[in-house]
Amino acid sequence: MEMVRQLQNDGYIIGSCSDRPVPAQKQIWERYEIEPSFTVLKHQLDSVKSALPADVYCHIGDTDLDKHYANLSDFEFRYMYEVVEEGAEQGGLKFKNLPEN
C-alpha cells in the first residue's frame, strides 16, 4: 500500500478495480486509511473514465484478466512487476514505466 500512498501523493488518481465486491474493496482502503477516488468491479472499469476526467488512464494489475478489462476500457495497462523497483533509495519504492502525471 506504500506504492499507492506514494502515487496518490504525486497526484495520481488511485482506486481499485477488482472482482471483489465493492464493499470489500472499501474495507481494504479503510483498513489502510487511504481515500480512493473510485472502487469498481473489473467489468465496470470504463465507468471511471466518465466519472474522473484525465489525460491518461492506466490500470496496474497482476493478472491477464486485469489486462483484458483494461484493454476493453481503453486503459493503458502495466503489470505490477513492470512499475515497481523495490529496495531503491534506502528501502523505498521507485517507479518506472508509468504514464506522466
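Predicted model: local features only at pLDDT ≥ 70, side-chain atom pairs only at ≥ 80, totals over all residues.
User: What does buried mean, and what percentage of the residues count as buried?

Analyst: Buried means under 20% relative accessible area, exposed over 50%, and partly exposed in between, with a 1.4 Å probe and protein chains only. Of the 101 residues of the chain, 35% count as buried.

User: What is a nonpolar core, and which residues make up the largest one?

Analyst: In soluble globular proteins, nonpolar side chains tend to be buried together. A nonpolar core is a set of buried Ala, Val, Leu, Ile, Met, Phe, Trp, Tyr and Cys residues joined through side-chain atoms within 4.5 Å. Here the largest has 11 residues: Cys 17, Phe 38, Val 40, Leu 45, Val 48, Leu 52, Tyr 57, Ala 70, Phe 75, Phe 77 and Tyr 79. Strand S2 (38-41) and strand S4 (76-79) each supply at least two residues of this core. Another core, of eight residues, lies apart from it; among its members are Ile 14, Ile 34, Val 83 and Val 84.

User: How many aromatic pairs are there, and how is a pair classed?

Analyst: Rings of Phe, Tyr and Trp (its six-membered ring) pair if their centres lie within 6.5 Å; planes under 30 degrees apart count as stacked, over 60 as edge-to-face and the rest as tilted. The whole structure holds two aromatic pairs. Tyr 57 and Phe 75 form a tilted pair, 5.2 Å centre to centre with 55° between the planes. Both Tyr 57 and Phe 75 are buried. Phe 77 and Tyr 79 form an edge-to-face pair, because their planes stand at 90°, with ring centres 4.8 Å apart.

User: Is Asp 66 buried or exposed, and which residues is it in contact with?

Analyst: Asp 66, in helix H4 (residues 64-72), counts as buried because its relative accessibility is 5%. Contact means heavy atoms within 4.5 Å. Leaving aside neighbours within four places in sequence, Asp 66 is in contact with Lys 42, His 59, Gly 61 and Phe 77.

Notes:
Residues numbered from 1 in each chain as written. Heavy atoms only, no water. Helix = DSSP H or I, 4+ residues; strand = E, 2+ residues; numbered from the N terminus.
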